[in-house]
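Please load the model in a viewer and keep the selection panel at hand. The stops below proceed from one chain to the other, and then to the place where the two touch.

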Amino acid sequence: MARVVVDVMLKPEILDPQGKAVQGALPRLGFEGISDVRQGKRFELEVDGELTEQRLAEVREIAEKLLSNPVIEDFTVHTDGAGA
Amino acid sequence: MKVGVVTFPGSLDDVDARRAVVLAGHEAVALWHGDHDLRGVDAVILPGGFSYGDYLRCGAISRFSPVMTEVVAAAERGMPVLGICNGFQVLCESHLLPGALIRNNHQKFVCRDQRLRVQNNKTAWTSSYDEGVEITVVLKNGEGSYVADAATLDMLEGEGRVVVRYLDVNPNGSLRDIAGITNERGNVVGLMPHPEHAVEDLCGPGTDGLGFFTSLLAPVG
């Protein structure tokens, strides 16, 4: 079993109102010097069996088809504690 | 005409959409998200609401429901398909329409009587309107900000595929005040405002929305 992580972020040119709201709250909490906040999503996929190149390609397909919307979002796939 | 209205888990406005269909002189047919079956309808409406709780992204999970396989295939054959609000989000996620809907730029849910201009009356759903006519229908959304890249926006404008545009105020940050668009063929239309809530004088801001449903009878073009 292996864990594969997919991070999905809005593309840089897409406005992120949620990130803006988080950033706006920071000075009120006394945190200064944070010039921008972008909010994204993290998916943790538990993959059965050995994590082959083919399985990774499948995860990338999952990320592209379902986990992200390529019109507005970018994704990255990385392994996290593979074999754990 | 037989007009199907799809109910997804979390759809809210399917009943109002069916009522609007009947008021426009059609037969309304309830369609279920889990069926691979359009029950012989001539047109399909994807109603507003929060299908699948807006999990993942609005419309992202509905897009893969069994009925959507049939809707996408029928749309590609030319069947009229109208997506209202959440239905518009489903159409974008299905790639039947370009672009995407993201959270309102001001972060708040908006609910208001919204003035619109009908820019394109050549679609299957807007042929009852005069081109350029101003109408007022209900708008209610949290993630209704229409976005697409500049090339896509230029293409939509250049090909006259912006169907309705916001007037007075831009309620959600939609690029170029776009409230609704159509596909190349003009049979698929998606819009954020709710014409099905403006079909009777008793409730809502009037009957300006009825034209979307009567258009199905009128010849296109």
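Select chain A: buried residues make up 13% of its 84 residues. A residue counts as buried if 20 or more other C-beta atoms lie within 10 Å of its own, as exposed if 12 or fewer do, and as partly exposed in between, with C-beta atoms placed from the backbone. The model is predicted, so local features need pLDDT of at least 70 and side-chain atom pairs count only at pLDDT 80 or more, whereas totals for chains, interfaces and linings use all residues. Residues are numbered from 1 along each chain as its sequence is written, and chains are lettered from A and ligands numbered from 1 in the order in which they are written.

**Chain A as a whole**

Among contacts in chain A between residues at least 6 apart in sequence, 70% join residues at least 24 apart; a contact requires C-beta atoms, placed from the backbone, within 7 Å of each other.

Now colour chain A by secondary structure. It comes to 2 helices and 3 strands, and from the N terminus on the elements run β-α-β-α-β. Helices (H or I, at least four residues) and strands (E, at least two) are DSSP runs, numbered from the N terminus.

**The sheet of chain A**

Select the strands of chain A. They form an open sheet of 3 strands in the order β2-β1-β3, with antiparallel pairing; strands pair if DSSP finds at least two bridges between them. The edge strands are β2 (40–47) and β3 (73–79) of chain A, each of which pairs on one side only. From one strand to the next the twist averages 20°. Angles here run from 0 to 180 degrees between N-to-C directions, and axes are lines fitted to C-alpha atoms, for helices over the stretch in contact.

Next select residues 2–10 of chain A, strand β1, which pairs with β2(A) in the antiparallel sense over 8 bridges. Which residue of β2(A) is the bridge partner of A:M9? The partner is A:G40.

**Chain B as a whole**

Along the principal axes its C-alpha trace spans about 40 × 35 × 35 Å. Of the 221 residues in chain B, 57% are buried.

**The sheet of chain B**

Select the sheet of chain B, an open one of 9 strands in the order β2-β1-β3-β4-β11-β10-β9-β6-β7, with mixed pairing. At its edges stand β2 and β7 (134–141) of chain B, each with a single partner strand, so one side of each has no neighbour in the sheet. The twist averages 25° from one strand to the next.

Zoom in on strand β1 of chain B, residues 2–7: 5 of its 6 residues are buried, so the strand is largely enclosed by the rest of the structure. On one pairing, 6 bridges join β1(B) to strand β2 (residues 27–32) of chain B in parallel, and B:K2 has B:E27 as its bridge partner. On another, β1(B) pairs in parallel with strand β3 (residues 43–46) of chain B over 3 bridges. There, B:V3 stands opposite B:A43 and B:V5 has B:I45 as its bridge partner.

Select B:L217, found in the segment after α5 (211–214) of chain B. Is B:L217 buried or exposed? B:L217 is exposed, because 12 other C-beta atoms lie within 10 Å.

Finally, display both chains: 12 residues of chain B are in contact with 9 residues of chain A. The side of chain B that touches chain A has 4 nonpolar, 5 polar and 3 charged residues. Ala, Val, Leu, Ile, Met, Phe, Trp, Tyr, Cys and Pro count as nonpolar, Asp, Glu, Lys and Arg as charged, and the others, Gly among them, as polar.

Definitions and conventions
Two residues are in contact if their C-beta atoms, placed from the backbone, lie within 7 Å.
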